[in-house]
Every structure is written in C-alpha cells, then in structure tokens.
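Let's take a walk through a protein chain together, one step at a time. Have the sequence and the 3D view open, and find each residue as we come to it.

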Amino acid sequence: ASKKLLLLPGDGIGPEAMAEVEKLIAVMNADLGAGFETERGLVGGSAYDAHGQAISEADMAKALAADAVLFGAVGGPKWDPVPYEVRPEAGLLRLRKDLALFANLRPAICYPALAASSSLKPEVVEGLDILIVRELTGGVYFGEPKEIIDLGNGQKRGIDTQVYDTFEIERISGVAFELARTRKNHVTSMEKRNVMKSGVLWNEVVTQTHKAKYADVKLDHMLADAGGMQLVRWPKQFDVIVTDNLFGDMLSDVAAMLTGSLGMLPSASLGAPDAKTGSRKALYEPVHGSAPDIAGKGIANPIAMIASFAMCLRYSFGMVAEADRLETAISAVLDEGLRTRDILSEGKTEVGTTAIGDAVVER
Ligand code: NAI
Ligand code: MG
C-alpha cells in the first residue's frame, strides 16, 4: 500500500515542529524501510504570501491525493489585516471541508514524567489515557437557520440551530466503537437528551448502532454537563468519549488541560472510509496554533506535532507497533528530564526544539 504524506508546515512554529517529524520520517525510511513518500505544500499565511490564497488549488489536489496530511499551524499578526476569505484559518477549514473530515480525535494522555506538574492531583492524572471523539461537520456550528434577526423594537435575536441526522450520528459513533475495540473497549456517549431533541436522537442512534454492530463494546451514556464534572473529578473512568461538535469542542479543551501544555497535545481528523479501498482521508495536527510569541527562537515544543505523527502511523497506516514505539520514545525523553520551556519544572533540563526531536529519534 502507498504511504503518501503531504506535509503542510504552515506558519510560525509550524515549520519548526514539522522539521522534527521530517527527521523521523527520514530515519524510518532509511533504517526501517518504511517507504513514506512525502510532498510539501503551503498553507495559511505562507500560502497567502506566495499566491494570495490560504491554500492553492494545486496543494488541495495534493491533499486529496495523499494518504494522510500532516499539518503544522497557521496564522500570526502579520496576516491579521488580510481579507476574511483568505485568512490563514481558511486553509484549514477548506482542508477539513474538502476532505470531509467528520471525526476529530483528541487524546488526553498524561505522560508519567509530567503527572507531578499537572494542575490536578497526580493520582487523578497518572496513567491517564482517554480519547475524545468529537463530531466535526454537523451540529450547532453549521445548522440552519443561523442568523441575527432585528426584531424592530430595539431588540435583536441571535439564532443557531442544532441539527443532527441519523447517518451523522451513526458514522461518528461507528468511529468511536471501532477505536474502543483497539483500546479498553469502552465508549461513553455524551449529550443532553434531558433538554435537547437532537440529544434524544443522538442517544437513540448510538444505542441502536451499538446493538446492531458493536455489542461487544461496553457502552455508557452520560449527560454532557455531568460528563464535564466527571472528567475533572475522575477522568480515568473513561476510555473513549463520543460527543457532538459543541460539547466535543468544550470537553476536549477541558480534557486537554488535565495533561499539561498545549505543546503536548496531538489530534487527528478522519473522513469516511473509501467504499473500494477502505482507507480514510485524514489530517493530523497539533492542537496548538502558530505561537508567534516564540516563533523563530528554536524553543517550541515539538511533541504535539511528533505525537500527531504517531497518530498518523496508528490510524492511517496501521503501523501500531511503530506508533507505540514512538509514543514510548516521547515518554522516555521526558523521563530523562529533557524539557522545552513550556513544560519546564524544577530540576529538569531546558533544551530547544531540535534537541527534543533528536532525543526522540535517538530513542
Ligand atoms: P497558540 O496555540 O499559538 O499559543 C498559545 C500559547 O501557547 C502561546 O503563549 C504559545 O507560545 C504557547 N504554545 C503553543 N504551542 C506551543 C508549543 N508547541 N511549544 C511551546 N509553547 C507553545 O494560540 P494563540 O496565541 O491563541 O494563537 C496564535 C496564532 O495561531 C493565531 O494567529 C491563531 O489564529 C493561530 N491558531 C492556529 C491554529 C491552527 O493552526 N490550528 C489553532 C489555534 C490558533
Ligand atoms: Mg476548542
């Protein structure tokens, strides 16, 4: 099977973080015969500077032809004045839309070496490994009507509409159940069926999908507000959480902060499997942005980007052993005491971006 990767480093610290992944790819090709074929493209402000668009048609075509896209980060003050349609974020939104990436995977993993510096008690986060599966293309962010109406009496009305159809809930819960089978075999579905019709349908469809195809997986339902509370109280009760676009946005940010710095957090966005080949379109990116405040200084934490590549190995290429090995290497580097500034704590050694990347490659 082909292993075509499109690298879109983007702006700010994006290229610095991506360079560390490129080292890994080179070593995997040379020493392990991994056979990755890489192409590069421009996205965000750097694409705007080159051709006035947040991503060119040629690079979109490369993204559609690739087996997976690795994305750095986009944006920065330099491009604040550019027109809305070609702002850096438009490149990412276009990729998500045209690749039809409906499932956003956000793991919250607590590396043992960082448990002590979490904002929560070490025993609450130590060994934490949960995965939030957020529906990314439906729900209240896209439902119609979506508008502000002038009521004429000095009042206005802002309207957003939460809409979910059966097929959308089926496919996102299918992703969650399949991922659970490769983990601890436990899915918790979160909605608010007590106050929302879309929540009632969500609960029904998840339950039916489970019964029809995934009865071997343990399924729980939880109201999303209670879920937020439980995430902070005792997150280790969860394995895979599946939820809608809005709740997923909030709950994944909450879960992220259980584990420390933005510089540590990877993500994946997956499309539907191809009817013929079974392969999915996918984009892997760190959760953080372009960090203009530290760009160009060589101090950015590349772990979020490297861990995103580990997700790519796992989910796009079925290279489970290699993904495990890479994650173990990250953990080992942290155990050695190496830290970029964002995760530095007493008694640890501050190093730069490339030193972390080199140490991971070495491991
Ligand atoms: P940010 O994530 O870029 O930075 C927030 C803070 O975290 C900064 O202090 C930064 O130095 C630090 N930080 C982030 N990643 C880090 C890393 N890998 N290592 C060490 N420290 C790190 O978010 P911010 O400042 O709100 O946005 C900056 C720019 O990035 C804006 O133009 C924004 O629109 C864009 N952005 C892009 C995203 C994307 O490409 N997916 C996501 C979020 C923001
Ligand atoms: Mg968010």
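We begin with Asp253, which is partly exposed because 13 other C-beta atoms lie within 10 Å. Here is the scale behind that word: a residue is buried if 20 or more other C-beta atoms lie within 10 Å of its own, exposed if 12 or fewer, and partly exposed in between, with C-beta atoms placed from the backbone. Asp253 has its place in helix H9. Asp249 lies in helix H9 too, which covers residues 245-258. With 18 C-beta neighbours inside 10 Å, Asp249 also counts as partly exposed. Helices (H or I, at least four residues) and strands (E, at least two) are DSSP runs, numbered from the N terminus.

Before going on, a word about what you are looking at. This is a predicted model, in which local features need pLDDT of at least 70 and side-chain atom pairs count only at pLDDT 80 or more, while totals for chains, interfaces and linings use all residues. Residues are numbered from 1 along each chain as its sequence is written, and chains are lettered from A and ligands numbered from 1 in the order in which they are written.

Now zoom out to the whole chain. The chain has 12 helices and 14 strands. Over residues 4-360 it is 41% helix and 21% strand, and the end C-alpha atoms are 23 Å apart. The C-alpha atoms of the chain fill a box of roughly 55 × 50 × 50 Å, taken along the principal axes. For 363 residues, a compact globule would have a radius of gyration near 21 Å, and the chain agrees with its 21 Å. That radius is taken over C-alpha atoms, and the globule rule is 2.2 Å times the number of residues to the power 0.38.

What fills the inside? Of the 363 residues of the chain, 47% count as buried. The largest nonpolar core has 101 residues, and among those with the most contacts inside it are Val69, Tyr284 and Phe309. A nonpolar core here means a set of buried Ala, Val, Leu, Ile, Met, Phe, Trp, Tyr and Cys residues joined through C-beta atoms within 7 Å. Helix H10 (residues 303-316) gives the most to this core, with 11 residues. Val69 is in contact with Leu6, Leu8, Ala63, Leu95 and Leu283, leaving aside its neighbours within four places in sequence. Two residues are in contact if their C-beta atoms, placed from the backbone, lie within 7 Å.

In H4, Pro88, Ala90, Gly91, Leu92 and Leu95 are buried. The buried residues of H4 pack against helix H2 (45-51), helix H3 (57-65), strand E3 (68-73) and E12.

Next come some backbone details. H4 is followed by Ala100, whose phi is positive, near 50 degrees, although Ala100 is not a glycine. Ala100 sits in the loop between helix H4 (88-98) and strand E4 (103-109). Ala291 has a positive phi as well, of about 40 degrees, and is found in the loop between strand E12 (280-286) and H10. Is Ala291 buried or exposed? Ala291 is buried, with 24 other C-beta atoms within 10 Å.

Our last stop is Pro145. The peptide bond from Glu144 to Pro145 is cis, with omega near 0 degrees. Pro145 is in the loop between strand E5 (129-135) and strand E6 (147-150), and counts as exposed with 8 C-beta neighbours inside 10 Å. Not counting residues up to four places away in sequence, Pro145 touches Ile159 and Thr161.
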